[in-house]
Each structure stands twice: as C-alpha cells, then as structure tokens.
Amino acid sequence: MNKYRLFAPGPTMVPAEVMAANASPQLHHRSPEFRAIYREVTDNLAYVFQTESDPLMFVSSGTGVMEATVANLFSRGDRVAAVVAGKFGERWRNIGRAYGLEVLSYELAYGETTDADAFRAWLGKQGDVKGILLTHSETSTGTFHDIRAVAEKVRDLGPLIVVDAVSSLGALELKTDEWGLDAVASGSQKALGCPPGVSFVALSERAWKAMETADLPRFYWDFRANRKQLEAANSPLFTTATSVVCALREGLKRVREETIEGMTARHALLAEATRAGVLAIGCRLFSKCPSNAVTAVLPPEGLDVEEMRKIVRKDYGILFAGGQGEMMGKIFRIGHMGYFDRFDVITAIAALESVFPRLGYPVEPGSGVRAAQEVLNA
C-alpha cells in the first residue's frame, strides 16, 4: 500500500479540517449563515492580497478570473503588453487576443525572468499601452518574476498593472495596494491549500475607473455587478460553489494563524531546501530565478523524466508534475506550496534518491536528504 502524496504545483494537498469543511452540510448561497461566511472569507482574502478593497470571488479556475479581468478592464482594439516567458505568460497573450486586444509580446526564453529596466526600456518604445499583463510565479518553468520592481519602473507610463498570482498568492510576498497593482488574480487550489473551484481578484480604484469605459462583453463575469451584490448583501451575484467557499474559510483561518509573513517565510525555507536536495543528487535547476512555489528540475543527462515520474507515481504513490509546452519530457516540477512542511521535502527528495538508481543513475543514499536537512536545520 502506498499513501498518495501530491507534489504538483496545483491542485495541492489539502488539510483534513479544510476537507471536512468541504463535506459539511450544504448551505444555500442566500442564507444568513452563508452570507456571514462569505463576508469572513472576503475579509480574509483582503488580508492575503494585502489590500483595503474587497476581492471578488467566482466559480472557476484561475484562468477564468484572468479572462474576466481582461473582459472588464479593456476595450476591443486596446493595446496591452504581455510578458511571455512560459505557458502562463502565453495564456495572458492568448486571452487578450481572444478578446480582440492588440497584444504586444515581450518574449523571454523559458526559464528567464523579467529584468525591470530592460522591460521599461522596451515598453517606453511601444507608444500608448493601456495595460501590462504580468505573471508573478511562472508555474510552467518554476520562475519568479519581480512584479514589484516592474511596477515601480513602468508606473509613470500609466498602464494598468494586471498580475497572474495564481501560484504566488500566499507563497510569495505580494502587497497589492503598496505596490500599486491594479488587478491581481488567483485561485483556491494552490498555496492556500484548498480544493479547486473558486477564483478571486483584487482590484484598485484605477481598475474600477477603467471599467466605466471598457466595452468588452461580460455578463456572469461583470465585476461591477458582482461588487454591487457583495456590497448590498454580502453574497455572490449567482450561485457559487458554497462547499468550496466553506473549505476556503477554514484554509484562510490557517493563514491568519500562521500570518501571511510566516507563510511566505515557510515557503522560502521549503523551496531552498528542495533546491539543495535536488542539486545534491546531480540535478540542475531549470529556472534562472527560481520561484518559492514550485521547483523546475533538469534531471541528470540521459535520465528518462517521464519514466521516472511513472515509477514514482506507481511504486511510491508520489505525483511530480511534468514539463509543459516545449519543456514536456525535459523537466519535472516539484510543488512545495500550501499544506507542505519540512518532512514533505524530505519525502520528495528521498523518493528521487530511490528511483534514480533504478533508471541507471547511481545516487549516494542520503546525499540529497542530507543537503535538504542542512537547510531546514540551519
């Protein structure tokens, strides 16, 4: 028998009390009991986003609220710039194009990160740009992009600063208001350690102002209508995933107890230990600027990534994510966000130590685990 362990970059492992809340008796989305829960969750999301405004919630994956953000902030023909350095930067570009925007792509190689000065110089040559579409943690490549630095560099040009924080919210430092971010999108199933199904977005006053003239079609996704309903009744505009919201309530209680600062510090420690462990057994890091949410790993030369993932899943009950896009079959990814602790790091590294020799790559037993422990015990 193997205990199933999910080391993917989302969905992530979920604590027992959060899963129990997900299985609690069904509440009506207009009932007083659920309205109180919805208000509590909204307030705690504001704490996680580090914003004074009320984030909006929707039933969707993170991609849904990314699309909704584009639909609410822009008009057909608007010029926007997208940083494209992986599958999720590509997603921003593709969503913009699907809505008839003129998307200017700032292209970087997979694994590269955004240099704020270089991006500022490029953007300054593009003429009028209504918004920039950024990815905080590029999940496909395990790369951190310094959106704070980028926002500081381009603010004087006036674009709306729109951020995909789907895998970074709770895992990386993120201060929506202080950094002057206009729209930040995320979801329940990543660092917050909750089941998938609910997405959310934090919006600035500049973003709300932009909606007054934005003319792209939206109905379910209408931010202004959803805000009006929240302010009037502390409830969603339409039927929501009430069970997931109840689970999210419990997950956000855990965040409050740990504090957002403690949570990001934990993610930083676990990420550093994971990186030390994989390097010690002969792997390399794929990203030039690794994210604390997920580590993208280049295996030793000649090791079959997909066969390794298959054996680890079948024989050890462990799921590592594979590469995406052009990196499929070339890298694997270890998610270490959300309900993840130091012994999960040890387990992940020990599994790699066990399977590598079976694929013809000898590893000194305990070498990776020792390297990880040295970080964790420092």
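Predicted model: local features only at pLDDT ≥ 70, side-chain atom pairs only at ≥ 80, totals over all residues.
Helices here are DSSP runs of H or I with at least four residues, strands are runs of E with at least two, and both are numbered from the N terminus. Residues are numbered from 1 along each chain as its sequence is written, and side-chain values use heavy atoms, with hydrogens and water left out.

Let us stay with the backbone for a moment. Most residues other than glycine have a negative phi, and most peptide bonds are trans. N234 has a positive phi of about 50° although it is not a glycine. At the other end of α9, T259 sits in the loop between α9 and α10, and its phi is also positive, near 75°. Its relative accessible area is 29%, so T259 is partly exposed (buried is under 20%, exposed over 50%, partly exposed in between, with a 1.4 Å probe and protein chains only). A cis peptide bond joins G10 and P11, with omega about -5°; P11 belongs to the loop between β1 (5-7) and α1 (16-22).

Now for the helix packing. α2 (residues 32-49) and α9 (residues 242-258) pack at about 45°, with their axes 9 Å apart. Axes are lines fitted to C-alpha atoms, for helices over the stretch in contact, and angles run from 0 to 180 degrees between N-to-C directions. The two helices are therefore oblique to each other, given that angles under 35 degrees count as roughly parallel, over 145 as roughly antiparallel, 65 to 115 as roughly perpendicular and the rest as oblique. Residues in contact (heavy atoms within 4.5 Å) include F34, I37 and Y38 in α2 and V245, L248 and L252 in α9.

A second pair is α10 (residues 260-280) with α13 (residues 367-376), at about 150° and with axes 7 Å apart. α10 and α13 are therefore roughly antiparallel. Among the residues making this contact are L269, A273 and A276 of α10 and A371 and V375 of α13.

Finally, the interior. A nonpolar core is a set of buried Ala, Val, Leu, Ile, Met, Phe, Trp, Tyr and Cys residues joined through side-chain atoms within 4.5 Å. The largest one has 84 residues, and F74 and L192 have the most contacts inside it. The largest share of this core, eight residues, comes from α2. A second, separate core of 33 residues includes A8, M308, F340 and I349.
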